[in-house]
Structures are given as structure tokens and as C-alpha cells.
Amino acid sequence: MNRLDRFESFFQRVMEDSVGRIFRTPVQPAEIGRRLERAMESNQVISVEGVIVPNDYEVILNPQDMVVFADFVPALCRQMEDWLTDLANERGYGFVDHVRVQIKGDADVGRRTIYVDASIVELPDFDRAREEEIQRTEVLRVIEETGNIPPRLLRFVEGPFAGDSVILRREVMTIGRALDNDVVIDSAEVSRHHARIEHRGSGFFLIDLGSTNGTSVNGTQISEHELQYGDRITLGNVVFEYLPYEPRRAAS
């Protein structure tokens, strides 16, 4: 298993410990890892002591992408710092100071876009606890910016994705076979744009989008339905449950 695979495995393990296997997030952690590695390689400085690479990384995402895994951002940042340190040691690169990774939300960044700003800087007042508090403050800001929507969980219980989960934490999430959906289900029995889940008031509503095979809740076909805990939703050959979301504290 290479380092990028181990990095991806860590994130999946953190998520699985809390909510079950994550079926899809708009931005995949492995892609963040690739962008960080690219930023490290493309911003090298040659010195008398060898190759110096950036030690300060800022990952910028659209808030709608970041909020989906908001609870796991601090642990993910710590793991990315360790991963970059190992990568640099393996390749014989040096740093001028502590390695720091922070993830921020910016509405000017397009959906499913990852921007990385990498710098070589001295951090004389670096303090791990303070950095984590700054990151948590940014996470709370993003949650507020995206509507402070209480998270809920969709857990797949039948079909090819049984055991996978999706966190609902946005005003609108689309489900279907097409790649432009928020939740992509690769099944011929699911329409390209099959259904939509909207947050209204204090609840989530499921809306069928004129799908070929229809959308059912607890065995009854619906056009629109306010979801209740325990509801079983069927889209073609895929069945999932609507559940409360109560993540345990993510491990570092």
C-alpha cells in the first residue's frame, strides 16, 4: 500500500468509526492529498542544505463541499501534516519549520474544486492547540455560512452499496446516475436525475424528479415526502434508511 492509499484509508477509517462507510463526498480526500503533493513538488527551493519545500499549506474548498465532512476536518489536517512530513523525508526534502495544513471554505471557489496555497515560512509561535482551535473556528463559520443545517444520515441497507452512508448537511442534495449529482448511484435502475432532498424549516423532504422507476418510502411511491427517522427509501434496486447523525469524536 503506497502513502496515498494509506492517507485515504485513514480518512475512510475515521468516517467509518463515526457513521459507517462513506459512499460519496463531493471532494475526495485522496484528491486533496494529490494536490498537496503537487504543491510541495512545484514550490521547491534549492539551498546549500538541499531541497527545501513548503511547510505551510492552505486548502481552500467551496463551503458546500467542506461542510459535508466538517466534523472530521481537524483530524484530517493532522493526518495530512504527518503524511506530508513522511513524504518529504522519503524524498530527502527539508522544511524550515513546522508543517501546517489548514482547510478553509470560500464561496468564490467552484464546487468540487480544490485550491492549495503553499508557502515556505517560519512559524516561531507555532502552537498545535491554537492551530486546532483556529481550524475548529473556521469549521463553525462554514457550518453557519451554509445554513447551520442539522446533519442527518442516509445509510444504504440493500443493493450494491449496502453499508455505505451519506451525510445530509446541505439545503439541497441531488441523487441519480449522472455524475453531476451530489450522490451518484451507478445503477441502470436509477434515473440520471432521480430524486432530490431539500432541507426546509426543521426537516428534510424527499422529492422524486420524474424518475423512470419512481421513488418509494416504506413501500409507497411518492412525489414528495417529509422524511422521518427510520424511513426506508427505495430508488430502483437501491434501498437506504433515513437516520439521526450522531458522530463519535473523530480519532487523531
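In this predicted model, valine 59 has isoleucine 103 in strand E5 as its bridge partner, and the strands that are joined here, E4 (residues 56–61) and E5, run parallel and are linked by 6 bridges. Helices (H or I, at least four residues) and strands (E, at least two) are DSSP runs, numbered from the N terminus, and two strands are said to pair if DSSP finds at least two bridges between them. Residues are numbered from 1 along each chain as its sequence is written. Because the model is predicted, local features need pLDDT of at least 70 and side-chain atom pairs count only at pLDDT 80 or more, while totals for chains, interfaces and linings use all residues; side-chain values use heavy atoms, with hydrogens and water left out.

E4 and E5 belong to an open sheet of 3 strands, in the order E5-E4-E6, with mixed pairing. The edge strands are E5 (100–105) and E6 (114–119), each of which pairs on one side only. On average, and with direction ignored, neighbouring strands of this sheet are turned by 20° against each other; here axes are lines fitted to C-alpha atoms, for helices over the stretch in contact, and angles run from 0 to 180 degrees between N-to-C directions.

Two helices lie across strands of this sheet. Helix H2 (residues 29–42) lies across E4 and E6 and runs at about 35° to E6, whereas H4 lies across E4 and E5 and runs at about 140° to E5. The 19 residues of H4 should span 27 Å at 1.5 Å a residue, and its end C-alpha atoms are 27 Å apart, which agrees; the expected span is 1.5 Å times one less than the number of residues. After H4 comes glycine 92, whose phi is positive, near 75°.

Two packed helices are described by the angle between their axes and the distance between the axes. H2 and H4 pack at an angle of about 45°, with their axes 11 Å apart, and they are therefore oblique to each other (angles under 35 degrees count as roughly parallel, over 145 as roughly antiparallel, 65 to 115 as roughly perpendicular and the rest as oblique). H2 passes H4 in a right-handed crossing, a term used when the near helix is turned clockwise from the far one by less than a right angle, anticlockwise being left-handed.

Glutamate 37, which is in helix H2, touches Trp83, Leu87 and Arg91, not counting residues up to four places away in sequence, where contact means heavy atoms within 4.5 Å. The C-alpha atoms of glutamate 37 and leucine 84 are separated by 7.4 Å, although these residues are 47 residues apart along the chain.

H4 also meets helix H5: the axes of H4 (residues 73–91) and H5 (residues 128–145) come within 9 Å and cross at roughly 135°, which makes H4 oblique to H5. This crossing of H4 and H5 is right-handed. Val73, Pro74, Cys77, Arg78 and Glu81 in H4 meet Arg128, Glu132, Gln135, Arg136 and Val139 in H5.

Another open sheet has 5 strands in the order E10-E9-E11-E12-E15, again with mixed pairing. Strands E10 (183–184) and E15 (224–226) stand at its edges, each with a single partner strand, so one side of each is left without a neighbour in the sheet. Within this sheet, E11 (residues 195–200) and E12 (residues 203–208) run antiparallel and are joined by 6 bridges, and glutamate 198 stands opposite phenylalanine 205 in E12.
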